[in-house]
Amino acid sequence: MIDIKLLRMELASAHENLAKRGYKLDMILFNTLEEQRKRNQIDLEQCKGEKKLLSQQFGREASQGNDTIPLKVKIEALDARMNKIDEVLSTVQVELADLMSGIPNLIHTSVPTGKTESDNVLIREWGTPKAMDHPKDHIELGERMGGMDIDTAAKLSGARFSLLKNDIAKLHRALIQFMLDLHTDEHGYEEVYCPYLVQGRPLYGTGQLPKFSEDLYKIEGHDLYLIPTGEVPLTNIVSDRVLEEAELPLKLVVHTPCFRSEAGSYGRDTRGLIRQHQFDKVELVQIVHPERSYEALEELTGHAEIVLKKLDLPYRVVNLCSADIGFSAAKTYDLEVWLPSQNTYREISSCSNCEAFQARRMSARYKDLKTQKNHLIHTLNGSALAVGRTLIAVMENYQNPNGSIAIPVVLRPYMNDREQIG
């Protein structure tokens, strides 16, 4: 969450920043709760001061053998008043915490202001799309070679699931192994295997709860949720911890299935692998010193780009505008890969700097080597890459006129050195 001190000291500028996202901060509610908090805290401190004086007087009178009953009555009345004030203050603080938990991150000054995704700003492009006559989409290519069975997946689980078989399943697995090897061997990430079920608190820590509860799959009767992204368990590794400054940066990579209800995407990308309830990702997370986080964002984005370059897939990088950026992010780059069947670029990765937003929710800090004081760390995450969408891009960009699919050179060692499938 954002620092409540910013709202207390710079409410107008925070309100303006959030308005660029399309988020309307309830300034009346915030000011009302703040006034109640201040008033009750002042009353509580005054009562404590009065009780201290009375307690001192009580001690003197008792030591002299004087009647202390009137003082005892006054102290008991103060205790009762303090308990009532404390109850009101606790309620106000809970309401403030609830309000703060639903406020998105403040955006960085380099984020373009916009109202829709059309206002995203193109940063760079790489590669040239191949000229193709009537390119087939990934569903037709997969079904023709018996490697994709959407109908059986629907029979098993309903809409937005997939069943991959034979060479397509192997190509999917090859992409995962290639990405993990690249990030661990060449980019310096530590590979992690993590739980696919997490409790509510980690989801609160990274910002999925409470705002996006409808997008999550909860296990009935348990405080357990299927993870929507590997970012959740990976980032929360440092929750409730104070890291030594020398431990930074932490660079972690994980492959996980991801589970999302896609509650707000009715009617969008209903066919194929574009938007699924279950899909795989290779996720990168960096835990860094605050002074380094924007340098780390460029580095992490570059690592995701290298996957696309090595696969020789045309792509572009866009700086997401204020209306399109995610809840926890201060700045996000989207990578969009070329899909011939759609004649357009589609998102394949989001790389975000969340600054201290998640760290504050997780209570994740580092100890400054010089001052020995604790400060919030900065967290970053990015898909490198979404495996299903990368599979789509490979199938469509490497398709041959006869329906077979050439295998990218970097994947051939994972495919028994074959040059094509189908």
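Predicted model: local features only at pLDDT ≥ 70, side-chain atom pairs only at ≥ 80, totals over all residues.
Me: Hi! How many bridges join β9 to strand β10, and do they run parallel or antiparallel?

Reply: Five bridges join β9 to β10 (residues 331–339), and the two run antiparallel. Strands here are DSSP runs of E with at least two residues, numbered from the N terminus, and two of them pair if DSSP finds at least two bridges between them. Residues are numbered from 1 along each chain as its sequence is written.

Me: Nice. Which residue stands opposite R316?

Reply: That's E336, over in β10.

Me: And what about β1, in which sense does it pair with β9?

Reply: Strand β1 (residues 121–126) pairs with β9 in the antiparallel sense, over five bridges. For one example, R124 has V317 in β9 as its bridge partner.

Me: So what holds paired strands together, in general?

Reply: Strands of a sheet pair through backbone hydrogen bonds, either parallel or antiparallel.

Me: Got it. How many residues of β9 are buried?

Reply: Four of its five residues (315–319) are buried, so strand β9 is mostly covered. Buried means under 20% relative accessible area with a 1.4 Å probe, counting protein chains only; exposed is over 50%, and partly exposed is in between.

Me: Switching to β6. What order do the strands in its sheet have?

Reply: The order is β6-β12-β13, in an open sheet of three strands with mixed pairing. The edge strands are β6 (241–244) and β13 (374–376), and each of them pairs on one side only.

Me: How do β6 and β12 run, parallel or antiparallel?

Reply: Parallel, with four bridges joining β6 to β12 (residues 364–367). If you want to find one of the partners, look at V242, whose bridge partner in β12 is R365.

Me: New topic! How many disulfides does the structure have?

Reply: A search of the whole structure finds zero disulfides; to count, two cysteine sulfur atoms must be within 2.5 Å. C351 is in none, and the nearest cysteine sulfur, that of C354, is 11 Å away.

Me: Why doesn't the sulfur of C354 make a bond?

Reply: Because the closest cysteine sulfur, in C351, is 11 Å from it, which is too far for a bond.

How values were computed. Heavy atoms only, no water.
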